[in-house]
Amino acid sequence: MPNYSSQKAYTFKMGPRQKLWGAIFLIIILAFLAGLVDWPKGPEPVIGGIRREIKIHLGLDLQGGTHLVYQADVADIPAKDQGSAVEGVRDVIERRVNVFGVSEPIVQTAKVGEVWRVIVELPGVTDVGEAIQMIGETPLLEFKEYDPNAQTELTSEQRYEMESYNTDAKKRAEEILQAIKKEPARFSEIAQEKSEDPVSKEKGGELGWFARGQMVPEFEEAVFEGLEVGEVTQALIQTDFGYHIIKKNDERSIATGSFEVEGQEPQELGGNREVNASHILIRTKSVNDYIKFEDQWKYTGLTGKQLETSRVEFGQNTGAAEVSLLFNDEGKDLFAKITEQNVGNQVGIFLDGFPVSLPTVQEKIPNGKARITGTFNLTEAKELAMRLNAGALPVPINLVSQQNIGPSLGKISVEKSFLAGIIGILLIALFMIIYYRLPGLLAVLALGVYGLLVLALFKLIPVTLTLAGVAGFILSIGMAVDANVLIFERMKEELRAGKPLDLAIHEGFKRAWTSIRDGNISTLITCFILYWFGTSMIRGFGLTLGLGIIVSMFSAILITKTFLKVFERVDIGWLWGVKRNENTRL
């Protein structure tokens with residue numbers, strides 16, 4: 001048996017020069033790979049069968065697009081559930097814009113005081129109307145139970161207030177009528193000034209052409225039966241909306257036929273005439289202004305948030321189109337609880353605030369299935385099912401701010417930022433080379449590799465680059481330069497103390513490291529706070545600055561140090577920015 005214990009063990013150990021060339025080889029490989037990723041026509045890897053495009057993702061301020069701010073109406077939702085409800089809105093909107101193929105959308109929530117807001121940024125969507133339609137048409141689906149404690153009759157104070165308001169409205173309408181009788185030519189001017197109809201007010205009260213069946217009966221009777229062309233009603237016309245003063249502008253013959261009101265049976269046109277009329281409306285109040293129908297229904301927590309899917313079906317008895325709903329596990333349990341508590345009572349299905357079905361619960365429904373029945377046809381039922389599948393909002397939202405950022409503004413910002421970055425980098429490179437000479441030149445080369453690595457990270461993660469993100473990146477370049485300055489100054493102190501060049505380089509890095517480490521770690525903590533608690537722009541700034549700092553530490557400690565060690569045997573004092581003296585051993 002051979003005696004292995006007596007054999008001498010040989011291990012491979014790299015010498016200083018081998019380590020140096022190994023580090024240079026590593027830097028070259030990293031720079032090559034980073035340059036490959038940074039190249040505009042770089043690789044497009046296939047991950048999970050999907051080709052992934054590696055590119056710089058530009059934010060809203062650089063690419064152009066639409067910025068929308070919605071305010072969530074959480075008045076009917078208990079305070080403890082408001083946060084999750086608004087998060088549900090965010091999820092639904094995000095799902096909906098993704099369905100429409102918007103790239104890099106940013107949908108986030110914010111709470112200012114007691115107000116919840118949803119902020120939507122859609123890069124590349126320059127048509128604000130399209131963006132609003134994309135989000136605003138998402139239906140609000142709610143299941144509500146009847147509130148037995150809801151107010152059903154006016155209080156004495158409300159009734160007195162309503163009657164006083166209507167008396168005053170009639171008085172104001174009479175005064176306007178008298179003014180028009182004196183100066184009928186000023187009808188349009190007075191309508192613009194006094195009318196309370198927001199639709200026709202700006203047009204001098206003009207309602208356009210209409211035939212019978214399109215207005216309330218009292219209004220039609222006055223126009224079609226009581227007025228000649230050019231005449232104004234000599235008495236107030238009262239309808240459910242208020243008091244009208246009507247002027248008949250024109251009249252013409254039309255073909256006989258029927259007029260179809262959406263959702264109603266076709267109506268025969270009463271005659272072969274249509275008229276063009278204007279009116280001045282002074283509104284009155286009714287019981288519905290004080291007691292709203294929807295206020296008689298309680299929030300149950302079952303909304304579109306718990307909706308899993310919806311589809312079109314046909315009623316077994318009526319054959320009419322219906323929309324069936326299937327809720328997820330949370331919604332199923334909630335629906336079972338609601339139906340159990342309301343056997344024999346109505347549970348209202350509300351869509352966008354309007355009741356579409358008020359079925360009476362016969363028994364507990366434990367399987368999480370419900371139906372929406374109404375007066376819609378097959379096309380409308382299909383559209384409703386599609387919209388519900390795209391996402392039903394758990395709470396209503398109101399658009400409070402809209403801003404369109406044109407691509408030209410983004411292009412100008414990019415060009416100016418690029419020019420500023422180039423000028424800044426050139427000035428820094430010039431300063432480093434003139435002041436520090438050879439170390440400065442090596443630092444510039446190291447910063448070049450640093451730039452390649454950071455941009456590659458931005459494309460691989462990927463980072464959505466905004467102006468704030470660009471600022472964070474440029475600031476990180478300054479941090480990287482600062483690290484090199486600290487190293488070079490410590491190194492020069494060692495050289496002036498008479499130490500040899502290789503030892504001065506080693507000591508310079510050793511003494512500068514603690515300052516670089518402490519400064520960068522404190523900045524990284526700040527970046528983490530900005531990213532964790534900030535909004536989109538602030539998060540982008542924190543992310544790009546943090547990534548830049550991490551790479552700058554790697555650049556200063558490995559790349560700059562390696563480049564310097566390559567020239568540690570170049571015994572020319574002027575190149576290192578230090579004058580020779582008796583104690584200098586260069």
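## Salt bridges in the model

A salt bridge is counted here when a side-chain nitrogen of Lys or Arg lies within 4 Å of a carboxyl oxygen of Asp or Glu. The structure is a predicted model, and by this rule it holds 15 salt bridges. Side chains of opposite charge can pair when their charged atoms come close.

## A linked group

Some of these contacts join up: salt bridges link Glu493, Glu494, Lys499 and Arg511 in a network.

## A pair within helix α5

Arg172 and Asp168 form a salt bridge through their side chains, with an N to O distance of 3.1 Å. Both residues belong to helix α5, which covers residues 156-182. Because they are four residues apart in this helix, about one helical turn separates Arg172 from Asp168.

Arg172 has a relative accessible area of 25% and is partly exposed. Asp168 is also partly exposed, at 38% relative accessibility.

## Two further pairs

Arg311 and Glu313 are joined by a salt bridge in which the closest N and O atoms are 3.2 Å apart. Arg311 is exposed, its relative accessible area being 54%, whereas Glu313 is partly exposed at 28%.

A salt bridge also connects the side chains of Arg517 and Asp518, with 3.1 Å from N to O. Here Asp518 is partly exposed, with a relative accessibility of 44%. Arg517 is partly exposed as well, at 31%.

Conventions
Residues are numbered from 1 along each chain as its sequence is written. This is a predicted model: local features need pLDDT of at least 70, side-chain atom pairs count only at pLDDT 80 or more; totals for chains, interfaces and linings use all residues. Side-chain values use heavy atoms; hydrogens and water are left out. Helices (H or I, at least four residues) and strands (E, at least two) are DSSP runs, numbered from the N terminus. Buried means under 20% relative accessible area, exposed over 50%, partly exposed in between (1.4 Å probe, protein chains only).
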